Amino acid sequence: MTSMTGIYLALAGLALVWAIQGAAWRVLVRKEVLSSVLGGIFVLGIAWNVKAVLPGMSAEALVGLSFQFFGAALLVAMYGLRPAILMLALVTVLVALLSDWTLEAALRQYLVLGLMPALVAHGVNYLIQRLLPKHMFIFILGRGYVAGVMSVIIPAIFLFTTHQAFSPKELGLSNDIVDWVVTLVILSFTEGSLTGMVLAVFVVYKPHWVVCLNDTEYLQGISEPRKMP
């Protein structure tokens, strides 16, 4: 086991230990939610296995980026941070079993595609919850589109900066930042659009899957008739 594998394992272990504390994770085994959990793990397992690059763009330019649907922001919006961390760990295990990932690669993917985007999405959701009014449009736009976009941008900038500062040659970092920025823009808006659209569909057609949607907070004003002055 290399030193980096040990670091990745420690970080992933701490995240999982924190995630299983309390009763928040129990929402994943509710009868009305379980089908969406199993389906989400399967779909994200496929999505994490699909990779692509833009024509003429070298893979070395994509440090911290990957052309695939992360899904972390969607899981956080639907189930909350702790359940999302557990689901993303199960997605990682599924992909590792079906692919040729090493232990280090699996742990790195879990941190980069799962844990970091989930933490950023949770931070965005917290700010929206505290600063903006409770409205269904804000719920979908903020927790879906905005959180999805930021869940790609912030971790990617952090990874790019870290790699550039400490070991650009070892990690194959391209000095041509144009390709990286183009990829970041495309990926972030794609992630935000997919997250927002899927969340909107679930809110309308499968609201019981969206555990974080509080009917009292977000639907009371819509369901109650407006009083005339």
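1. How many helices and how many strands make up the secondary structure of the chain? In this predicted model, the chain has nine helices and zero strands. Read from the N terminus, the elements run α-α-α-α-α-α-α-α-α.

2. The chain has 229 residues, and buried residues make up 45% of them. Its accessible surface is about 12500 Å², with 70% of that area belonging to carbon and sulfur atoms.

3. On contacts within the chain: taking those with a separation of 6 or more, 79% are between residues 24 or more positions apart.

4. Helix H2, which covers residues 31-49, contains Ser-36. Is Ser-36 buried or exposed? Its relative accessible area is 8%, so Ser-36 counts as buried, the cut-off being under 20%. A polar atom of the Ser-36 side chain lies 2.6 Å from the backbone oxygen of Val-33. Leaving aside residues up to four places away in sequence, Ser-36 touches Tyr-79 and Trp-209.

5. Trp-209, one of the residues that Ser-36 touches, is itself buried, because its relative accessibility is 16% and the cut-off is under 20%.

6. The count of aromatic pairs comes to one. Phe-202 and Trp-209 form this pair, with 5.3 Å from centre to centre and 80 degrees between the planes. The arrangement is edge-to-face, because planes over 60 degrees apart count as such.

7. Another tryptophan to inspect is Trp-18. Arg-82 lies over the face of its ring, 3.9 Å from the ring centre.

Definitions and conventions:
Residues are numbered from 1 along each chain as its sequence is written. Side-chain values use heavy atoms; hydrogens and water are left out. Rings of Phe, Tyr and Trp (its six-membered ring) pair if their centres lie within 6.5 Å; planes under 30 degrees apart count as stacked, over 60 as edge-to-face and the rest as tilted. Buried means under 20% relative accessible area, exposed over 50%, partly exposed in between (1.4 Å probe, protein chains only). A charge sits over a ring if NZ of Lys or CZ of Arg is within 6 Å of the ring centre and within 35 degrees of the ring normal. Helices (H or I, at least four residues) and strands (E, at least two) are DSSP runs, numbered from the N terminus. Contact means heavy atoms within 4.5 Å. Accessible areas come from the Shrake-Rupley method with a 1.4 Å probe; for residues, only the protein chains shown count as cover. A polar contact is a pair of N or O atoms within 3.5 Å; within protein, one must be able to donate a hydrogen and the other to accept it, and residues adjacent in sequence count only if both atoms are side-chain atoms.
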